[in-house]
Amino acid sequence: DCPSGTLKVWRELHTLKKTKERQYGLLSGFQDQLVMAEASLNTSLAEVESLKIGSLDSATYLGKIKKFLGSVENQQGSLSKLRTEWAHLSSLLAAADQKLVESQMKHLEHGWELVEQLAHRKCFQQATEHSELTCLLEKLQDLKVSLHQQQQRLTLSLNSPGQQAAIVDMVTPAAELQAIKCEFSGLKWQAELHMKRLWGEKDKKTLEDAINNLNKQMEALEPLNREVENRIKKCELQNRIKETLSWVKNTMAELVVPIALLPDNILSQIRKCKLIHDGILGNQQAVELLVEEVRGITPSLAPCEGDGLNALLEDLQSQHQALLLKSTERSQQLELKLEEKSKLFAIIGKVQLTLEESETLMSPTGDRASTEAELERRLAILKASQQQLQDTESALSAHLQELTNAYKDANVFERLFLDDQLKNLKARTNRTQRFLQNNGSELKQKMESYREFHDKAAVLQKEAECILHGGLL
């Protein structure tokens with residue numbers, strides 16, 4: 001029995017030994033993996049910290065980061081397997097050893113999470129920078145293409161035979177060229193700002209080359225651009241000069257309209273003339289500005305173009321000066337005509353007033369008896385009224401020349417009005433004169449009858465006195 005029991009114990013001890021050796025091997029292998037994982041983590045931490053673009057371009061550097069992220073994912077997969085293996089082996093260790101290994105596992109997990117975060121952050125940052133770089137390069141390329149297109153359009157417009165049509169065709173590409181310049185300045189400023197903190201040397205060199213190439217293209221286009229600007233400026237000046245010439249001609253036409261007949265209408269013309277004169281003086285500054293602008297652009301034009309523009313400007317200056325003189329003369333002429341026609345209508349008014357006063361004498365006096373003294377007074381009034389009418393008519397006749405001058409300036413309606421006024425005055429004057437003459441004759445007859453009656457009455461009185469004196473004797 002003893003040998004049999006001893007053999008059983010020996011076998012159990014041998015089995016236990018084999019089990020412990022196997023467990024020790026597993027734990028030893030697991031520990032080696034922990035050490036390797038720790039070393040790999042430290043290496044990756046150092047690598048992720050050292051990830052810099054350096055002399056690489058953005059695309060290559062971005063690919064390098066993504067490759068590193070792939071290796072991080074593989075390491076995390078290995079760590080996951082290590083965690084599974086630890087779940088089976090943890091029961092083989094004492095509590096203190098379990099805590100130590102668990103601490104190592106958590107350290108590894110947190111470490112790889114940190115590596116992944118750092119790698120993703122760099123990847124995102126580089127992707128953003130690469131996108132910005134790509135966007136800037138694409139915009140610069142678009143500007144380059146657009147610049148070439150505008151150059152072709154401007155060249156065709158400059159060679160076009162029709163000057164006015166060519167100018168119209170130049171305006172849009174010239175404006176777009178200016179827009180390209182502004183956009184290029186903005187892109188250049190943006191690129192210079194970013195290059196101080198972003199991108200590697202290779203990307204910076206690529207961007208600088210693109211900027212320099214576009215800048216050279218713009219500089220090469222500058223003579224063409226100046227020629228286009230001068231051509232457009234010249235056309236604009238020509239149009240402004242022609243518009244001002246048209247304004248001068250239209251204003252001149254307003255200053256040669258016939259002078260009105262009535263004083264009130266002449267006053268309105270004087271006020272309008274003053275407004276026109278003020279407008280001419282105000283427009284003088286615009287003419288002087290045109291002179292300065294023409295002087296500024298003439299040196300950059302061909303001699304024939306400069307001579308044509310100067311000739312047009314001299315014509316404007318001459319006509320504008322003539323307009324200024326005409327407005328001054330017109331104002332003086334209107335003032336004289338106002339005085340002349342005010343005097344004329346004052347005379348007409350005086351004639352009308354005299355006629356009205358004389359016409360009051362045309363009212364019937366009735367058949368009432370009048371004394372000789374009253375008849376003499378009425379006759380004196382009639383004679384005075386007749387004399388006043390004759391004097392007024394003489395004054396009106398003396399101004400017939402003024403009426404003739406008035407006819408020269410008056411339109412057909414004003415002439416009809418003046419003719420009607422004169423005919424009415426003449427008719428009323430003649431009618432009043434006839435009435436005064438007839439009434440005077442009647443008064444004279446009445447006064448003659450009074451005298452004859454008084455004479456007869458005196459003779460009869462004398463005869464009666466003689467008879468009465470003879471009877472008394």
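This is a predicted model: local features need pLDDT of at least 70, side-chain atom pairs count only at pLDDT 80 or more; totals for chains, interfaces and linings use all residues.
In which helix does Thr251 lie? Thr251 belongs to helix α5.

**Overall fold**

The secondary structure comprises ten helices and zero strands, so that the pattern along the sequence reads α-α-α-α-α-α-α-α-α-α. The protein has 473 residues, of which 32% count as buried. Where contacting residues are at least 6 apart in sequence, 82% of the contacts join residues at least 24 apart.

**Helices α5 and α6**

The axes of α5 and α6 come within 11 Å and cross at roughly 160 degrees. The two helices are therefore roughly antiparallel to each other, and α5 passes α6 in a left-handed crossing. The residues that make the contact include those in the table.

| Helix | Span | Residues in the contact, among them |
|---|---|---|
| α5 | residues 201-254 | Leu237, Ile241, Trp247, Thr251 |
| α6 | residues 263-297 | Ile276, Ile280, Val287, Leu290 |

By class, ten nonpolar, five polar and six charged residues form the contact of α5 with α6.

**Thr251 and its surroundings**

Is Thr251 buried or exposed? Its relative accessible area is 5%, and Thr251 is therefore buried. A polar atom of the Thr251 side chain lies 2.7 Å from the backbone oxygen of Trp247. Apart from its neighbours within four places in sequence, Thr251 is in contact with Ile276, Ile280 and Leu323. Ile276 and Ile280 are among the residues of α6 that make the contact with α5.

Technical notes: Residues are numbered from 1 along each chain as its sequence is written. Side-chain values use heavy atoms; hydrogens and water are left out. Axes are lines fitted to C-alpha atoms, for helices over the stretch in contact, and angles run from 0 to 180 degrees between N-to-C directions. Helices (H or I, at least four residues) and strands (E, at least two) are DSSP runs, numbered from the N terminus. Angles under 35 degrees count as roughly parallel, over 145 as roughly antiparallel, 65 to 115 as roughly perpendicular and the rest as oblique. A crossing is left-handed if the near helix is turned anticlockwise from the far one by less than a right angle, and right-handed if clockwise. Contact means heavy atoms within 4.5 Å. Ala, Val, Leu, Ile, Met, Phe, Trp, Tyr, Cys and Pro count as nonpolar, Asp, Glu, Lys and Arg as charged, and the others, Gly among them, as polar. Buried means under 20% relative accessible area, exposed over 50%, partly exposed in between (1.4 Å probe, protein chains only). A polar contact is a pair of N or O atoms within 3.5 Å; within protein, one must be able to donate a hydrogen and the other to accept it, and residues adjacent in sequence count only if both atoms are side-chain atoms.
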